[in-house]
Structures are given as C-alpha cells and as structure tokens.
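Hi,

Here is the structure I promised to pass on. Have a look at it first, and then read my notes below.

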Amino acid sequence: MPVDPLHSAARPPRSASSPLTRAPEAGAVEVRRSARRRRTVSAYREGDRTVVLIPARMSDAEEKRWVTVMLDKLAAQESKRMLGDAELADRARSLSEQYLRGRARPASVRWVTNQNTRWGSCTPAEGSIRLSHRLQGMPEYVVDYVLLHELAHLLVPGHGPEFWRLLESYPRTERARGYLEGVVSADRLPRLPGARTE
C-alpha cells in the first residue's frame with residue numbers, strides 16, 4: 001500500500017520547524033520541535049497548513065508516524081461536524097468535478113441508517129447515492145473516497161479495470177480502503193469480558 005509522500009530532510013535542530021509535504025489535497029504540514037515538550041504531541045490548522053508540535057528528541061521515524069496520527073485525528077474531528085444531505089450533495093459535485101471531469105451527476109446524495117453491511121450504494125438508473133451513517137465521524141478523506149467510489153458507479157457498473165481506472169486519480173484511495181478494512185476487522189474482534197462498550 002503506498003504511503004503518503006511525507007518526507008523531511010535531515011533532522012532539524014531543537015525547537016526548529018521543518019516543512020513537510022503531503023498530497024496536494026491535504027495541504028502543507030509544518031513540524032515544530034520543542035526542547036520543552038517531553039511527551040505530548042499536538043496539532044492544529046493554521047490557514048491552509050497543519051502545524052504539528054512534537055518533542056525535539058523524537059526520531060525522524062517517530063515524527064513521520066505522529067504526523068500521520070495527528071492528521072488523521074484532526075480529519076476525524078473535522079468530519080464530526082456532520083455534513084447534512086445538502087452539503088454531502090455539494091461535496092459529491094465537487095469530487096466529480098475534481099476527479100471525474102464532472103461526468104458523474106447524481107440526482108440525490110444522502111445519508112441512510114439502513115446500510116449496516118455496506119459503506120455506500122447507488123442506483124445508476126435513478127442517479128441516487130446513499131452513504132451509511134456509520135461513515136459519520138470518520139476522516140474526511142474516507143468519506144470522500146466512498147462518495148467518489150459511488151460516483152464512479154454512476155459511470156461504470158461493477159468493479160472491473162475501467163472502474164478502478166476512474167479512482168486512480170484520487171491520491172488517498174489505498175489509505176481510505178485500508179482505514180475501512182481496519183474498521184471492519186476491529187468490528188470482528190471478540191469483546192473482552194467486562195469491557196465497556198459505548
């Protein structure tokens with residue numbers, strides 16, 4: 001599975017900032033190391049970039065891992081500001097323009113609560129797309145992937161080579177699929193006796 005293009009040059013000096021690059025849709029990431037910071041890692045958005053604060057002693061491998069973790073946490077927090085059906089339809093139109101040259105034009109896009117075994121579905125004859133409510137609260141790139149997947153089905157039924165070619169332009173396809181596979185696997189794990197479920 002391809003990894004997001006995160007790279008920094010030599011390890012920066014203590015309390016230094018090091019700009020990292022990511023896929024274009026994710027924006028720039030700046031890592032700031034601090035000698036005063038011992039164990040905690042935090043992140044926030046600053047305009048069109050993300051700032052990640054880490055302890056100065058962290059290795060480059062730890063930095064890379066924590067940047068990925070913090071980007072996913074921020075994305076999950078942002079997607080918890082739940083999109084309504086109208087915003088979901090706007091997002092679908094935007095994704096169609098960006099990745100499918102605007103060729104997929106759904107008549108309706110909405111959340112549903114009756115899809116517990118699928119993340120999304122579409123009816124090409126009606127031009128309707130439905131996303132499972134279970135996606136709410138997942139990182140934005142995961143929701144975008146499922147939306148784009150269903151948009152591609154409006155153009156190509158089935159999962160043949162032509163279908164997957166349509167999704168090649170979305171840079172986080174493999175990562176989103178891995179995330180969803182992880183959710184499915186976690187759901188299959190046996191519950192520990194006495195474990196609390198929320």
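Let's begin with a definition: a residue is buried when its relative accessible area is under 20%, exposed when over 50%, and partly exposed in between (1.4 Å probe, protein chains only). By that rule Glu63 is buried, because its relative accessible area is 3%.

Before going on, a word on the model. It's a predicted one, so local features need pLDDT of at least 70 and side-chain atom pairs count only at pLDDT 80 or more, while totals for chains, interfaces and linings use all residues. Residues are numbered from 1 along each chain as its sequence is written, and side-chain values use heavy atoms, with hydrogens and water left out.

Now the salt bridges. The term stands for a side-chain nitrogen of Lys or Arg within 4 Å of a carboxyl oxygen of Asp or Glu, and the structure holds 7 of them.

Glu63 is in one, with Arg33 as its partner; their closest N and O atoms are 2.5 Å apart. This pair links distant parts of the chain, 30 residues apart: Arg33 is in strand E2 and Glu63 in helix H1 (residues 60-79). (Helices, H or I with at least four residues, and strands, E with at least two, are DSSP runs numbered from the N terminus.) Arg33 counts as buried too, because its relative accessibility is 2%.

Strand E2 (residues 28-34) also has Glu30. The side chain of Glu30 meets that of Arg49 in a salt bridge of 2.0 Å, N to O. Arg49 sits in strand E4 (residues 49-55), 19 residues away from Glu30 in the chain. At 11% relative accessibility Glu30 is buried, whereas Arg49, at 28%, is partly exposed. Arg32 joins in as well: Glu30, Arg32 and Arg49 are linked in a network of salt bridges.

One more pair to find on your screen: which residue forms a salt bridge with Asp144? It's Arg91, with the closest N and O atoms 2.5 Å apart. Asp144 belongs to helix H3 (residues 140-155), and Arg91 belongs to helix H2 (residues 85-100), 53 residues apart from Asp144. Asp144 is buried because its relative accessible area is 6%, while Arg91 has 24% and so is partly exposed.

What else does Asp144 touch? Leaving out residues up to four places away in sequence, Asp144 is in contact (heavy atoms within 4.5 Å) with Arg91, Leu95 and Tyr170.

Cheers
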